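Student: I would like to learn how to read a protein model feature by feature. Please give the general idea each time, then the case at hand.

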Amino acid sequence: MSGLTCRSCGAEVIVAQTSNNKRMPVDRRASPKGNILLVHQPNNIPRAVVIKAEARERYAGKLRLSHFATCPNAAQHRQPKERRHHGDQKETSQTGQA
Ligand SMILES: [Zn+2]
């Protein structure tokens with residue numbers, strides 16, 4: 001089972017793999033507005049396939065939304081990285097310049 005519960009809102013989510021091989025939580029419940037089809041993979045991590053608008057009718061009732069889109073606490077998922085100035089560590093070695 002790849003079912004999980006969102007830590008911030010408690011919704012049931014399924015962890016899927018995107019085309020970039022990243023993990024993405026997808027709502028367990030299908031949504032009429034959904035655009036993501038979960039495709040079974042041998043490694044048991046479903047692949048999240050984004051279905052284009054014109055093809056969504058075909059998958060009615062099977063499409064889900066990214067939990068990032070529906071989570072009321074989504075802001076917590078994407079905390080902006082704090083930019084701390086440690087001082088630029090630019091290496092000034094100039095290689096290969098004639
Ligand atoms: Zn959530």
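Tutor: The protein has two helices and five strands, where helices (H or I, at least four residues) and strands (E, at least two) are DSSP runs numbered from the N terminus. Their order from the N terminus is β-β-β-β-β-α-α. This is a predicted model, in which local features need pLDDT of at least 70 and side-chain atom pairs count only at pLDDT 80 or more, while totals for chains, interfaces and linings use all residues. Residues are numbered from 1 along each chain as its sequence is written.

Student: Which strands pair with E2, and in what sense?

Tutor: Two strands pair if DSSP finds at least two bridges between them. Strand E1 (residues 3-5) is joined to E2 by three bridges, and the two run antiparallel. Gly-3 stands opposite Ile-14 of E2 in that pair. E2 also pairs with E3 in the antiparallel sense, over five bridges. There, Val-13 faces Asp-27 of E3, and Ala-16 stands opposite Met-24 of E3.

Student: What is found between the strands of these hairpins?

Tutor: The hairpin of E1 and E2 has six residues between the strands, and Gly-10 takes a positive phi near 85° in it. In the hairpin of E2 and E3 there are five residues between the strands, with Asn-21 at a positive phi near 65°.

Student: How should I read a positive phi?

Tutor: Most residues other than glycine have a negative phi. Asn-21, a residue other than glycine, has a positive value near 65°. Asn-44 is also a residue other than glycine with a positive phi, near 70°.

Student: Where does Asn-44 lie, and is Asn-44 buried or exposed?

Tutor: Asn-44 lies in the loop between E4 and strand E5 (47-50). A residue is buried if 20 or more other C-beta atoms lie within 10 Å of its own, exposed if 12 or fewer, and partly exposed in between, with C-beta atoms placed from the backbone. Asn-44 is exposed because 8 other C-beta atoms are within 10 Å. Asn-21, in the loop between E2 and strand E3 (23-27), counts as exposed because it has 8 C-beta neighbours inside 10 Å.

Student: What share of the residues is buried, and which of them make up the largest nonpolar core?

Tutor: Of the 98 residues in the protein, 18% are buried. A nonpolar core is a set of buried Ala, Val, Leu, Ile, Met, Phe, Trp, Tyr and Cys residues joined through C-beta atoms within 7 Å. The largest one has 11 residues: Cys-6, Val-13, Ile-14, Ala-16, Val-26, Ile-36, Leu-37, Leu-38, Ala-48, Leu-63 and Cys-71. Strand E2 (12-17) and strand E4 (36-39) each supply at least two residues of this core.

Student: What does Val-26 touch?

Tutor: Two residues are in contact if their C-beta atoms, placed from the backbone, lie within 7 Å. Leaving out residues up to four places away in sequence, Val-26 touches Val-13, Ile-14, Ala-16, Ile-36, Leu-38, Ala-48, Arg-64, Ser-66 and His-67. Across the protein, among contacts with a separation of 6 or more, 52% are between residues 24 or more positions apart.

Student: How does Val-49 compare with these definitions?

Tutor: Val-49 is found in strand E5. It is partly exposed, with 15 other C-beta atoms within 10 Å. Not counting residues up to four places away in sequence, Val-49 touches Ile-36, Leu-37 and Val-39. Val-49 and Gln-17 are 32 residues apart in sequence, and their C-alpha atoms are 8.8 Å apart in space.
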